[in-house]
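This report describes selected local features of a single protein chain.

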Amino acid sequence: MSIERRSALVTGASSGLGVEFAKQLAQRGFDLLLVARRSERLESLAKVLTEENHVRVETFPVDLSLPDSPARILAYARECGLQIDFLVNNAGSAGKDLLQERSWSEHAKHLELMMISVAQMCHLFVPSMCDRGYGRVINVASVAGRIPRLNDLNYGPSKAYLIALSEALDMTVRSSGVRASALCPGFTNTEFHAVAGMLDKIERTPRFAWYEAEVVVREGIEAVEKGKSVMVSGRIYRWFDPFLQLPWFRPLIKRFVAYKRL
Ligand SMILES: NC(=O)c1ccc[n+]([C@@H]2O[C@H](COP(=O)([O-])OP(=O)(O)OC[C@H]3O[C@@H](n4cnc5c(N)ncnc54)[C@H](OP(=O)(O)O)[C@@H]3O)[C@@H](O)[C@H]2O)c1
């Protein structure tokens with residue numbers, strides 16, 4: 001009798017949190033489909049994970065800022081005979097300033113990557129999870145999606161959408177055995193800030209505010225297993241988050257910003 005193997009799909013698996021998701025899911029025995037643009041990185045990770053964990057690892061290089069990418073990923077998964085039980089929508093980048101960057105196509109591509117592709121991945125992969133009575137979805141959002149921030153018209157709002165999507169999705173599919181969770185990390189040691197040209201932020205932010213990808217991913221996987229539809233990762237951010245959600249906190253921040261501008 002063959003034991004049914006479970007498969008996970010991780011986007012943004014060429015660095016940072018995506019690599020760590022791939023490692024921890026492989027350690028839990030999941031076969032993997034790894035997605036990002038840099039194929040060499042995906043292939044070398046696949047080689048290591050296959051050798052270390054004896055799981056099957058497929059790679060598919062794709063740019064998620066292009067509208068047809070989610071459908072191409074689904075077609076590839078079918079071609080490989082992989083049924084996706086665990087979906088991690090992790091790929092993301094900081095994006096450009098909504099008002100300063102004058103090329104709309106830059107913003108359209110970023111919104112596609114950050115929101116539309118995630119919605120489409122859920123649209124394509126979740127119904128079959130419901131049919132099979134088992135599934136897990138982690139959408140990697142951010143603490144930046146928990147509160148409006150001055151001059152953040154792009155990244156934070158897109159993560160706020162992922163949090164709202166994940167909560168509603170979880171509510172909708174839970175009775176079918178599928179759970180969805182928005183993982184909200186704070187500052188995490190990955191390539192994210194270097195890619196965004198924000199190395200100064202790394203220097204200006206105190207060390208205690210930074211977490212390792214290993215911790216963030218472990219907390220994310222545990223949260224979706226426990227049925228938490230929003231997981232703020234990192235003890236410091238978990239302590240602080242309830243204040244951010246208090247009804248008087250947003251008006252206070254707006255007053256503070258207005259005062260600083262006087
Ligand atoms: N690091 C932090 O402090 C932090 C905090 C909160 C939330 N997050 C979120 O965590 C997630 C992972 O980021 P990270 O910190 O691990 O950063 P990272 O090391 O820069 O990894 C980003 C990943 O996304 C992929 N990606 C970017 N644009 C893509 C595109 N157009 N198509 C396909 N894949 C794309 C990258 O792969 P390729 O370049 O190979 O395509 C890479 O694998 C992001 O959603 C980010 O917003 C990060």
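His 54 counts as exposed, because its relative accessibility of 66% is over the 50% cut-off. The model discussed here is a predicted one.

**Residues with positive phi**

His 54 is placed in the loop that runs between helix H2 (39-53) and strand S3 (57-61). Although His 54 is not a glycine, its phi is positive, at about 55°. Most residues other than glycine have a negative phi. Asn 151 is a further non-glycine residue with a positive phi, here of about 70°. The loop that holds Asn 151 lies between strand S5 (135-140) and helix H5 (155-173). Asn 151 is exposed, its relative accessible area being 58%.

**Strand residues**

Strand S3 contains Thr 59. Is Thr 59 buried or exposed? With a relative accessibility of 17%, Thr 59 counts as buried, since the limit for that class is under 20%. When residues up to four places away in sequence are not counted, Thr 59 touches Leu 33, Leu 34, Leu 42, Glu 43, Ala 46 and Tyr 76.

Asp 85 belongs to strand S4 (residues 84-89). Its relative accessible area is 3%, and Asp 85 is therefore buried, the cut-off being under 20%. Which side chain is joined to that of Asp 85 by a polar contact of 3.2 Å? The partner is the side chain of Arg 132. Leaving aside neighbours within four places in sequence, the residues in contact with Asp 85 are Arg 5, Arg 6, Ser 7, Met 129, Arg 132, Tyr 134, Gly 135 and Arg 136.

**Packing of helices**

Helix H1 (residues 16-27) and helix H8 (residues 213-226) have axes that come within 9 Å and cross at roughly 55°. This angle makes H1 oblique to H8. The crossing in which H1 passes H8 is right-handed. On the H1 side the contact is made by Gly 16, Leu 17, Glu 20, Phe 21, Gln 24 and Leu 25, and on the H8 side by Ala 213, Glu 214, Val 216, Val 217, Arg 218 and Ile 221. By class, the residues of the contact of H1 with H8 comprise seven nonpolar, two polar and three charged.

A further packing involves helix H3 (residues 69-80) and helix H4 (residues 104-132). The axes of H3 and H4 are 9 Å apart and the packing angle is about 35°. This crossing, too, is right-handed. H3 contributes Pro 70, Ala 71, Ile 73, Leu 74 and Ala 77 to the contact, while H4 contributes Ser 117, Gln 120, Met 121, Leu 124 and Phe 125. What is the division of residues in the contact of H3 with H4? Eight are nonpolar, two are polar and none is charged.

**Helix residues and separations in space**

Arg 78 is found in H3 and is exposed, with a relative accessible area of 61%. Ala 108 lies in helix H4; at 31% relative accessibility, Ala 108 counts as partly exposed. Phe 249 is in helix H10 (residues 249-261) and is buried, with a relative accessible area of 13%. Each of these residues is paired below with a residue elsewhere in the chain, the distance being taken between C-alpha atoms.

| Pair | Separation in sequence | C-alpha distance |
|---|---|---|
| Arg 78 and Asp 152 | 74 residues | 38 Å |
| Ala 108 and Val 224 | 116 residues | 30 Å |
| Phe 249 and Ile 147 | 102 residues | 9.3 Å |

Phe 249 and Ile 147, which are 102 residues apart in sequence, are also in contact. Not counting residues up to four places away in sequence, Phe 249 touches Phe 240, Phe 243 and Leu 244 as well as Ile 147.

Definitions and conventions: Residues numbered from 1 in each chain as written. Predicted model: local features only at pLDDT ≥ 70, side-chain atom pairs only at ≥ 80, totals over all residues. Heavy atoms only, no water. Axes fitted to C-alpha atoms, helices over the stretch in contact; angles between N-to-C directions. Helix = DSSP H or I, 4+ residues; strand = E, 2+ residues; numbered from the N terminus. Parallel < 35°, antiparallel > 145°, perpendicular 65-115°, else oblique. Left-handed = near helix turned anticlockwise from the far one by under 90°. Contact = heavy atoms within 4.5 Å. Nonpolar A, V, L, I, M, F, W, Y, C, P; charged D, E, K, R; others polar. Buried < 20%, exposed > 50% of the residue type's maximum accessible area, 1.4 Å probe, protein only. Polar contact = N/O pair within 3.5 Å; in protein donor to acceptor, adjacent residues only side chain to side chain.
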